[in-house]
Amino acid sequence: MAALLVAGFVGLFSETALNIALGDLSQIFGVNATTVQWLATGYFLTLGILVPVSGILMQKFTTRQMFITSVVLLLGGTIIAALAPVFSVLLIGRIIQAAGLAINLPLTQNVIFTIFPPNKRGAAMGVMGLVMLAGPALGPTIAGLILDTLSWEWIFWVTTPFLLFSLIFGIVYLPNVNEIRKVSIDALSVILSTIGFGGVVYGVSMAGESGWTSATVMGSIIIGLLAIVLFAVRQMKMENPMLNLRAFRYPLFVLGVFMSFITFFNMLSMLVILPMYMQMALLMAAFATGLVLLPGSLLNCILAPFIGRFFDKYGPRVIITPGTILVAIGYVLYAQFGTATPVWLIVVTFIIMMLGVGAVLASVQTNTLNSLPKRLYPDGIAITQTIQQVAGAIGIAVMVSLMAARQGSLLATTSAAPAEAAASGSSLVFTVSLIFAIINVVLSLFLKKPSATIN
């Protein structure tokens, strides 16, 4: 688990760490803002394309084969990116990194659900939840410190020793825990999956730059959705599908998928919008922005394993419902923020938010997958991981667009200062997120512990 979790942390850290350096990289490599944004878009796009395929790969290849491939891709992509002489090489390095993470995340969950009994999975998933939150949350803070003291290449070099540790530790200690089956990879399913999930992620990622009414954006999303429908129809008709959608026959799984979508939609967009608010409305420096987010991130890291144990002991509703309420309270406070909001209030609100997200994130995933029989774990994991990546991409695109639209409207029609327009835009985004957070509170009331007979 140590080998898997360290590699996962590095991959998730890399997902957000480079975002804070995009402005500098745009100048260094002489590319415009739209082009440099592909360092983030390409990462999400690769995850959206490859994660759905992971379900069949985990049945076809051994745990060790999958693990070594994922870490070699992460390590290779990191080194290529760090040595990149031109922008195109840096982008290739990022895509290779994302390919490694696309294998690592589903593999880690599959190992947890294979080696831990149902009454201990909450604690194990709590530790994974720590990794899934700490990586993206600490990325901007550490990257900001690196940019203030070293060059951008060190954002990549600093993670290399951890990946080497993960590779060596995994080669020595990681056994094969999955069951290998004679499954064939259906080429048409892979093509439909790639066009479907890739098209949706690409479309929503481009919406912030091209606008939602752009022919490219609308066309990509429509083609993507049509391909997903055809993919789903094909999977239901196949005797051995690439992704077994029969997991959706289990009501608790469906409920968990909806809650996971909302959680990742809100969480990843919040981790983008909140730093934008602090930098544009409060005029804070990048590193200072990262420091404000640090207490909430660290507290969540400390409490994540304990939250998992409480889940094992008391069940889902006792942990998840209070967590969703804390998230809603956080958004109520965020929606009131303006240009004169004190820093201490932002710190306290982020702590409340991260405690809530920490209680919801891993616990919902554990309960969702516990509701499936063991034979459907690889498929259930691939489905939930895909939903999470797509939700994150959509959340960031939609919320950044909303914030930009409100800002532009105020600046064009009133005498509002840029800082006031940014504060108003972020307030609108947090109000929309609050509505989704309240929906999650209601959904959590229907959660229950899956029957032990399923496993």
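L326 is partly exposed in this predicted model, with a relative accessible area of 30%. That value falls in the partly exposed class because buried requires under 20% and exposed requires over 50%. The residue L326 belongs to helix 15, which runs over residues 316-334. Beyond residues up to four places away in sequence, L326 touches I352, L355 and G356. A further pairing involves V441. It lies 115 residues from L326 along the chain, yet the two C-alpha atoms are separated by 9.5 Å.

V200 sits in helix 11, residues 187-210. Its relative accessibility is 7%. V200 therefore counts as buried, the limit being under 20%. M218 is 18 residues from V200 along the chain, and the C-alpha atoms of the pair are separated by 9.4 Å.

T46 is located in helix 4, which covers residues 38-50. At 10% relative accessibility, T46 counts as buried. Its contacts, leaving aside neighbours within four places in sequence, are with I95, A98 and A99.

L283 occupies the loop between helix 13 (251-280) and helix 14 (286-314). This residue counts as exposed, at 68% relative accessibility. The backbone of L283 has a positive phi of about 60°, although L283 is not a glycine. Most residues other than glycine have a negative phi.

The largest nonpolar core has 110 residues. Those with the most contacts inside this core are M270, L274, Y277, M278, Y331 and Y334. L274 is in contact with L293, Y334, F350 and F430, leaving aside its neighbours within four places in sequence. A second, separate core comprises 21 residues, including V36, I146, W152 and F156. In soluble globular proteins, nonpolar side chains tend to be buried together.

At the level of the whole chain, the protein contains 18 helices and zero strands. Its radius of gyration is 21 Å, close to the 23 Å that the globule rule gives for 455 residues, so the protein is as compact as a globular protein of that length. The C-alpha trace spans about 65 × 50 × 45 Å along its principal axes. Of the 455 residues, 57% count as buried. Contacts were also sorted by sequence separation. Among those with a separation of 6 or more, residues 24 or more positions apart account for 82%.

The accessible surface of the protein comes to about 17,600 Å². Carbon and sulfur atoms hold 72% of that area. The protein carries 19 positive and 11 negative side chains. The centres of these two sets lie 18 Å apart.

How values were computed:
Residues numbered from 1 in each chain as written. Predicted model: local features only at pLDDT ≥ 70, side-chain atom pairs only at ≥ 80, totals over all residues. Heavy atoms only, no water. Helix = DSSP H or I, 4+ residues; strand = E, 2+ residues; numbered from the N terminus. Rg over C-alpha atoms; globule rule 2.2 N^0.38 Å. Buried < 20%, exposed > 50% of the residue type's maximum accessible area, 1.4 Å probe, protein only. Contact = heavy atoms within 4.5 Å. Areas by Shrake-Rupley, 256 points an atom, 1.4 Å probe, with all protein chains shown as cover. Lys, Arg positive; Asp, Glu negative; His and termini not counted. Charge placed at Lys NZ, Arg CZ, Asp CG, Glu CD. Core = buried A, V, L, I, M, F, W, Y, C linked by side-chain atoms within 4.5 Å.
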